[in-house]
Amino acid sequence: MFSLYLYAMIKFLTNIIFLFYACTLAASQAIPSNLSGLDSDFIAARKAFQQGNATQLADYAKRLNHHALAPYVEYYQLRMYLRSTSIETIQAFLARHENSLVAERLRIDWLRLLANNQQWNLFENEFEKLANKDSELLCYAYQHRVKTHDNNALNEARLLWFTANSMPDSCTPVFNTLISRKIITVEDMWARIRLALEAGQTGMARYISRSIPVDEALNIDELNAAAQNPLYYLKTRQGKIKTRADREIALFALLRLLSNDTNPALVKWLEIKDKLSDSDQSYFLGRLGYRAAMRHDSRALGWFQAAQNTKNPHPLTDTLLAWQVRAALRLERWDSVLDSIHRMSATEQADSTWQYWKARALKKTGNVSGANSILISLSKEHNYYGQLAKEELGTILTAAKESTPVSKEEVIAMEKMPGVQRTLAFYRLDLRTEAYREWVWTIRNFNDRQLLAAAEVARQHGHYDRAINTANRTIQQHDFRLRFPTPHRETLQPILKEQAIDEAWVYGLIRQESRFLTDVTSSAGAKGLMQLMPDTAKWVARQLGIVNFQQNLVTQIDINLKLGTYYLKHVLSTLDNQPLLASAAYNAGPGRAKRWRDNDKNLEGAIYAETIPFSETRDYVKKVLKNSVYYANVLEHDHTAPTLKDRLGVVSKK
């Protein structure tokens, strides 16, 4: 009997312990274990708001009056009862937290409510105070302005029409008014249909087609057939292309073919081009040149030129003209480089990319003074093209000497700013998205000194991504040790000695890959400082003889650096020991880096980099190599460190 009693008691106590452990575990999963009591209360208040539990939210709000994130708790409470909250209460909150992100968020929410309630006088007053006016709220504003017979609003709103993407519901009544008044014409509808089809947005094209007279509109069955099998569609319909709708669907089918391969699209184009108008022919030839240029097809430049030589040329966009320049660079046709840049919009021409290549083209065609005038201006910019311009002029980079660090007092004052306090609180709570938004808002109007102080605060708290991005924003005063920080150097240097690899280059790559966030994971699944993909990490671990390797080790600083530098050295040794090719390979794979070389001749490294077809990789290699030059300076490497042009080198032919 006693043994049964003892057994029952042991079982009861075991259950109690298990229940206590389960409750503790659940609590620890809901709230990070390292948080203070008030921080935990904020997480609980946020959860109560998300669950719509006003009673719990009110209880937590009483405890959080003096917390850095108290304005957000107050926002949560107002947001839950916004429809029934008095105008005076809302305006008092907006005044109390003027110029803060949380006030901006409440104002956006309130503006949507005011628009839905047709309270236009209040809407108009608050809309003017809004810092970021998105399309939804813009269209609400246009609704009101159209009703008040503001003719300027009609022309302004028309500009929103020309997009491949769907627009917010608030834009529909505005567009309907513009259509009924024939401010948006049938030709404008076809223009948007073409934008949608070019972007593969067939649903949007069908939607816009409903506004076109039925006997002129797209045939949906034909459109679907072209989308599903463009080659078969063109084979069976090439003798039936008669109407505007037929031509648009045929062009859509050609573009679908062209997205996969140049030659099949070219063959079908030659068969049906006589069925198309001069403008349609020009439109397709421009896209043919664009796709061919991205594939480094030497015929691309001829197709671009043919597009401009038709009787009724279709305007080339800045994107297409950029690839016309790149096609000309691959062929070293400097006259065509100049011509293509001159055709760009004024805004695009002013970009440092095209300023640099314009200067190079002017120099090649004999206008040295014109080239140097551009290069001198460009050399003042602290970016890839600014550095190339410096070197073109024979200037040596002296970044470290230009650094202007802030004082301890400036940093302390910055750390006390409410927006900075809120950012740090969000980081402490591991709410990174909210921290990022709060930080970007807080620093948006800072001057150089404030930016540098804010960057130093971020650096001291280990938020290197914020430190770098903030320091990058300065215009006159710079601190390059904030722009190019060197964390984990004591761990990295012994590893670099093993691999015999350039420290400045590795730092330049890590800065671009992860901004020194140790536990970051990309959308593709790459992890850690050097952003290693699972298969790559597994392969390198085998090469290094790491026993019982697990993927969760990849975010450990030492393991990540060992794996990443080994792989980087591997691609470097297999790609002619050229940092340019190895950087491209690290981002896009060794096979692609090899394919992007020229078939027939050696290629200047800067031209190779400029003509990488993937925009992400193109931007990546430029920044990695530019970073490397600055890091060599910040790390105080000797003056024999390679220049940017040295790092770009000359890429040998395939």
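**Overview and interior**

Visitor: How much of the contact set comes from residues 24 or more positions apart?
Guide: Among contacts with a separation of 6 or more, 60% are between residues 24 or more positions apart; contact means heavy atoms within 4.5 Å. Keep in mind this is a predicted model, where local features need pLDDT of at least 70, side-chain atom pairs count only at pLDDT 80 or more, and totals for chains, interfaces and linings use all residues. Residues are numbered from 1 along each chain as its sequence is written, and side-chain values use heavy atoms, with hydrogens and water left out.

Visitor: What's the secondary structure?
Guide: There are 40 helices and two strands, taken as DSSP runs numbered from the N terminus (helices H or I, at least four residues; strands E, at least two).

Visitor: And what box do the C-alpha atoms fill?
Guide: Roughly 100 × 70 × 65 Å along the principal axes.

Visitor: What share of the residues is buried?
Guide: Of 654 residues, 49% are buried, meaning under 20% relative accessible area with a 1.4 Å probe, protein chains only.

Visitor: Which residues have the most contacts inside the largest nonpolar core?
Guide: Trp-357, Met-530, Leu-568, Tyr-608 and Leu-648, in a core of 145 residues. A nonpolar core here is a set of buried Ala, Val, Leu, Ile, Met, Phe, Trp, Tyr and Cys residues joined through side-chain atoms within 4.5 Å. Helix α15 (residues 244–260) gives this core its largest share, 10 residues. Another core lies apart from it, with 44 residues, including Trp-110 and Leu-130.

Visitor: Switching topic, where is Thr-310?
Guide: Thr-310 sits in the loop between α18 (300–308) and α19 (318–331).

Visitor: Why does Thr-310 count as buried?
Guide: Because its relative accessibility is 18%. Not counting residues up to four places away in sequence, Thr-310 touches Asp-278, Ser-282 and Leu-285.

Visitor: And Thr-163, buried or exposed?
Guide: Thr-163 counts as buried, at 17% relative accessibility. Thr-163 is in the loop between α9 (151–158) and α10 (172–180), and beyond its neighbours within four places in sequence, Thr-163 contacts Arg-192 and Leu-195.

Key:
Buried < 20%, exposed > 50% of the residue type's maximum accessible area, 1.4 Å probe, protein only.
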